[in-house]
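Keep the structure open while reading.

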Amino acid sequence: MHSNPLRVGFAGLGAIGTPMAARCAAAHQLTVWNRTTRTAAAFAEANAGVAVAPSPCALGDSCDAVITCLPTSADVEAILGGPEGLLQGLRPGSIVVDCTSGDPATSRRIAEMLAAVEVGFVDAPVSGGPPLAATGELTVMCGGTEADVARARGIVAPFAGRVVHLGPVGSGHAMKAVNNGLLAVHILALAEGMVTLARAGVAPRAVVEVLNASSGRSFVSEALVPERVLTGLWPRLFRLALLEKDIGIAHELAGELGVSDPVLAHAREQFRTLRAELGESADYLDPIRVAERAAGVELRG
Ligand code: NDP
C-alpha cells in the first residue's frame, strides 16, 4: 500500500464492483459497504486491511472519497438519503465518484444535492467488464468539473487503464449508455447473421474468422462470440437486465434531445421482451442462445 493512502469507501460489491474494489484495497485505505452485509464481510476477509462500514452514513463519515457501483442512479440516490444515508456521513471537501452506469438527469440532481453540502461528484461509469477490472485496465468515462475529475483520476487509478473527461456531470453516463446501446445492437445483429450463416451450412468458426478480417466485425465478433459462445463457456459476467437498462437510458436521452433513433428503439424493445422472458439473472449474451434455439442451430466450434 501507498505510504500516505487515500481513505476511500466503496459501495456495491457486485459482479464488477468486487474486482474494482479489490484493486482499490491494494492501493487505498479501503472501507466497503454492501447492501447484503455478508458479501462485505467476505470481501474484507479476502482482502487484507479492508474495513466494513455498517451503513452508507458510516462509510461517508470514515472516508475522503466514496466510489459507488450500483445497478442504477435511482439506487445511488436511495443510499444517499435517510438517517443512515451517505449524505449524512459525507464531510465537506469529500467527493463521490459514481461508477454506476447511470442516467445523466439523476446524476445532475445528485451532484446538486452534494454541492449543497460541499461534496464533489463525478459520474464515472466504466467499460471492460470484470476481467479488465481485475487487471486494472478499465476505461473510465467521466462527467464533472475539471477539478473534481482531476481528483477522481487518483481515486479510480487502481482499476483504470484510461480515464477520459467527457464534459459536465452526466456526460460520462450519456457516453456509457450510447456505448452499450451500440453493444446491444451488435449482439442482436450478429446473432441474426450468424444463425443465418449456420443455416446456410457455414461453420461458425469460419464465419468469425472472415468477419474479423472484414467490415462486419465488432467487439462482439472479435472477443465475445469466440471466447464465450463458440467455446460454449457462456460465463455470466453482466446481467442482461443491466444492459436493457442502459439501452433505455440511451433511448430516453435521444428522445430528450430530439434525436430520431429507430435502430436503438427497436433494440430496446427486443431487450425489454428478452428481459421479461429470461428474467433478472440472465446474461447479456443470452439473446444469442435465443436466436440459436429459434433457428435450430448451435454456434459452436
Ligand atoms: P450486480 O447486479 O452484479 O451487483 C449489484 C450491486 O449493487 C450489488 O452489490 C448489490 O448488492 C448492490 N445493489 C443492488 N441494488 C441495490 C440497492 N437498491 N441499494 C443498495 N445496493 C444495491 O451489478 P454489476 O456489478 O454487474 O454492475 C454494477 C454497475 O456497473 C451497473 O450499473 C452496471 O450496468 C455497471 N457495469 C457492469 C459491468 C459488468 O460487466 N458486470 C460492466 C460495466 C458496467 P447485493 O449484494 O445486496 O445484491
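From which domains does the shell around the ligand draw at least three residues each? Domain 1 (7-168) and domain 2 (174-295) each supply at least three. The model is a predicted one. The points below go from the whole chain down to single residues.

**Overall build**

- The protein chain contains 14 helices and nine strands.
- Its radius of gyration is 20 Å, close to the 19 Å from the globule rule for 301 residues, so the chain is as compact as a globular protein of that length.
- Along the principal axes, the C-alpha atoms occupy a box of roughly 65 × 45 × 35 Å.
- Of the 301 residues, 47% are buried.
- Among contacts with a separation of 6 or more, 68% join residues 24 or more positions apart.

- Twelve residues of domain 1 and twelve residues of domain 2 take part in the contact.
- On the domain 1 side, the residues touching domain 2 are seven nonpolar, four polar and one charged.

**Ligand shell**

- The ligand is surrounded by 26 residues.
- Gly14, Ala15, Arg35, Thr36 and Phe238 are the closest.
- Helix H4 (73-80), strand E7 (126-127) and helix H7 (129-134) are the elements that give two or more residues to this shell.
- H4 provides the largest share, three residues.
- By class, the shell has 13 nonpolar, ten polar and three charged residues.

**Helix H1: enclosed**

- Helix H1 spans residues 17-27, and nine of its eleven residues are buried, so H1 is largely enclosed by the rest of the structure.
- The buried residues are Gly17, Thr18, Pro19, Met20, Ala21, Ala22, Arg23, Cys24 and Ala25.
- Their cover includes E1, strand E2 (29-33), helix H2 (37-46) and H7.
- H7 also gives two or more residues to the ligand shell.

**Helix H8: one buried side**

- Helix H8 (residues 146-156) has the buried residues Asp148, Val149, Ala152, Ile155 and Val156.
- Why do they lie on the same side of H8? They cover an arc of only 110° around the axis, which puts them there.
- In an α-helix there are 3.6 residues a turn, so residues three or four places apart point the same way.
- Glu146 and Ala147 are exposed, on the face of H8 turned away from the buried side.
- The buried residues pack against strands E1 (7-11), E4 (65-68), E5 (95-98), E6 (120-123), E8 (138-143) and E9 (160-167).

**Positive phi values**

- Most residues other than glycine have a negative phi.
- Glu118 is not a glycine, yet its phi is positive, about 60°.
- Glu118 sits in the loop between helix H6 (104-115) and E6.
- Glu118 is exposed, because 11 other C-beta atoms lie within 10 Å and the cut-off for exposed is 12 or fewer.
- Trp234 also has a positive phi, near 40°.
- The loop between helix H11 (219-229) and helix H12 (240-256) holds Trp234.
- Is Trp234 exposed or partly exposed? With 13 other C-beta atoms within 10 Å, Trp234 is partly exposed.

- Ile288 belongs to helix H14 (residues 286-295).
- Ile288 counts as buried because it has 24 C-beta neighbours inside 10 Å, where 20 or more are required.
- Leaving out residues up to four places away in sequence, Ile288 touches Ile187, Ala191, Val229 and Leu299.
- Ile288 and Val156 are 132 residues apart along the chain, and their C-alpha atoms are separated by 33 Å.
- Val156 is one of the buried residues of H8.
- Leu257 lies in the loop between H12 and helix H13 (262-278).
- Leu257 has 9 C-beta neighbours inside 10 Å and so counts as exposed.
- From Leu257 to Val202 is 43 Å, C-alpha to C-alpha, for 55 residues in sequence.

Definitions and conventions
Residues numbered from 1 in each chain as written. Predicted model: local features only at pLDDT ≥ 70, side-chain atom pairs only at ≥ 80, totals over all residues. Helix = DSSP H or I, 4+ residues; strand = E, 2+ residues; numbered from the N terminus. Arc of directions from axis to C-beta. Contact = placed C-beta atoms within 7 Å. Rg over C-alpha atoms; globule rule 2.2 N^0.38 Å. Near = placed C-beta within 6 Å. Nonpolar A, V, L, I, M, F, W, Y, C, P; charged D, E, K, R; others polar. Domains from an automatic or database assignment.
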